Amino acid sequence: MKFYDYIVNKKLVSIIIFIFLVSILCIGCSADTSQEQEIPQEELNETQVKQQSDIFPNKPITIMTGYKAGSVTDLGLRLLVPYLEEELGQRITVLNKPGGGGWIAWNELAKAEPDGYTLSVVNAPNFHTGYLNPELKRDYTVRDFDFIANHVLDPSAISVRIDSEFNSIDDIVNYAREHPNELSITTTGPATDDHIMALMLENYADAKFNIVHCEGGNESVQQVLGGHIDILCENVGGVMVPLMSKEVKMLGVATEERNVLVPDVPTLKEQGYDFVTQSARGIATPKGIPDDIKEILANAFEKAMNNPEHIEKMKEIGLTVEYLGPDEYTKFMYNQEKAVEELLIW
């Protein structure tokens with residue numbers, strides 16, 4: 001064998017031996033690594049899924065309203081939703097569940113999973129009158145819900161058609177005293193804030209009206225515009241459109257001071273009728289949602305409701321944003337229950 005061939009063969013053998021040793025070492029490393037990965041892939045995926053589920057919210061949220069699409073409650077909620085979606089980073093579906101004075105939605109809310117993904121607008125005092133009336137036999141009360149944030153305070157108002165002979169609350173009251181039960185007045189349903197307002201006007205004026213229950217504010221407005229009912233008892237927000245189009249004239253607002261949205265309209269107190277009524281609309285969840293989820297929702301609603309652009313858009317449709325956080329709003333809802341109990345004798 002030539003010296004050159006000998007050298008080449010020797011190098012080739014050395015290379016083969018080196019490759020063999022490296023292969024054994026790699027196999028050993030792979031074995032060690034596999035022993036360290038004690039969690040099978042299936043279990044690892046389940047762990048990852050659980051970690052993802054702990055991040056709230058990680059799927060769309062539903063907010064119900066107990067009133068029809070196009071109602072004042074519905075419009076106010078839909079104006080809020082885009083700002084809330086921005087804060088929570090999830091799509092929000094508005095689900096209309098009209099009927100039962102709002103209690104179709106609130107019954108469903110009480111039965112929902114308390115995970116923060118199902119919420120509802122609640123309207124006071126309608127919410128309270130709906131279960132305090134023993135004839136209705138409701139299964140749930142204020143104690144079966146968690147309250148996240150108040151959104152709107154919408155005062156009650158007395159209005160008439162633009163061509164009406166009445167130009168003040170006194171005009172209406174004087175006529176009603178002389179013609180008991182002749183003047184008809186709307187409500188948005190039995191035991192609603194508008195019904196309460198009509199009853200309070202009767203008591204303070206010592207007069208009797210023909211109280212006609214409608215199915216919501218839209219029907220109330222249409223009944224008055226059509227000449228079928230004489231007096232419109234509806235919240236400021238529900239009257240703004242016909243008021244701006246000069247189809248109705250507002251004669252009085254049931255507030256402590258003049259409302260900023262209709263500063264030229266005198267309060268009932270200014271006209272000698274010393275009472276205040278309003279509709280409060282806020283957000284509730286089923287009872288028992290986790291504290292961390294409740295805090296996330298509360299922070300998101302606070303930022304969304306107090307967004308200056310949102311507040312301005314609400315003003316354009318006649319609604320005043322009045323934010324209350326969880327503690328204040330909960331206290332408010334419990335106090336409202338007491339107020340309604342004292343006012344109404346079933």
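The largest nonpolar core in this predicted model has 31 residues. Inside that core, the residues with the most contacts are I63, L297 and F301. As for where the core comes from, the elements that give two or more residues to it are strand 1, at 61-65, helix 3, at 72-88, strand 2, at 92-96, strand 3, at 118-124, strand 4, at 145-161, helix 10, at 291-305, and strand 10, at 321-324.

Take I63 as the example. Leaving aside residues up to four places away in sequence, I63 touches L77 and L84, then I92, T93, V94 and L95, then L119, S120 and V121, and finally I283 and F301. F301 is itself on the list of residues with the most contacts in the core.

Next, helix 3 and its packing. Two packed helices are described by the angle between their axes and the distance between the axes. For helix 3 and helix 11, residues 308-316, the angle is about 165° and the axes are 10 Å apart. Angles over 145 degrees count as roughly antiparallel, so helix 3 is roughly antiparallel to helix 11. The crossing of helix 3 past helix 11 is right-handed. On the helix 3 side the contact is made by G76, L79, L80 and Y83, and on the helix 11 side by E309, H310, K313 and M314. By type, the residues of this contact are 4 nonpolar, 2 polar and 2 charged.

Is M314 buried or exposed? M314 has a relative accessible area of 0%, so it is buried.

Now helix 9, residues 236-244. How many of its residues are buried? Helix 9 is mostly covered, with 7 of its 9 residues buried. The buried residues are V236, G237, G238, V239, M240, P242 and L243. Among the elements covering these are helix 3, strand 4, helix 8, at 217-225, strand 7, at 231-235, and strand 8, at 248-253.

That leads to the backbone. Most residues other than glycine have a negative phi, and most peptide bonds are trans. Following helix 9 comes K246, with a positive phi near 60°. K246 sits in the loop between helix 9 and strand 8, and at 65% relative accessibility K246 counts as exposed. K137 is another non-glycine residue with a positive phi, about 50°. K137 lies in the loop between helix 5 and strand 4, and its relative accessibility of 71% means that K137 counts as exposed.

Which peptide bonds are cis, with omega near -10° or near 10°? The bond from F56 to P57 is cis, with omega near -10°. P57 is in the loop between helix 2, at 41-53, and strand 1. The bond from A124 to P125 is also cis, with omega near 10°. P125 is in the loop between strand 3 and helix 5, at 126-132.

Key:
Residues are numbered from 1 along each chain as its sequence is written. This is a predicted model: local features need pLDDT of at least 70, side-chain atom pairs count only at pLDDT 80 or more; totals for chains, interfaces and linings use all residues. Side-chain values use heavy atoms; hydrogens and water are left out. A nonpolar core is a set of buried Ala, Val, Leu, Ile, Met, Phe, Trp, Tyr and Cys residues joined through side-chain atoms within 4.5 Å. Buried means under 20% relative accessible area, exposed over 50%, partly exposed in between (1.4 Å probe, protein chains only). Helices (H or I, at least four residues) and strands (E, at least two) are DSSP runs, numbered from the N terminus. Contact means heavy atoms within 4.5 Å. Axes are lines fitted to C-alpha atoms, for helices over the stretch in contact, and angles run from 0 to 180 degrees between N-to-C directions. Angles under 35 degrees count as roughly parallel, over 145 as roughly antiparallel, 65 to 115 as roughly perpendicular and the rest as oblique. A crossing is left-handed if the near helix is turned anticlockwise from the far one by less than a right angle, and right-handed if clockwise. Ala, Val, Leu, Ile, Met, Phe, Trp, Tyr, Cys and Pro count as nonpolar, Asp, Glu, Lys and Arg as charged, and the others, Gly among them, as polar.
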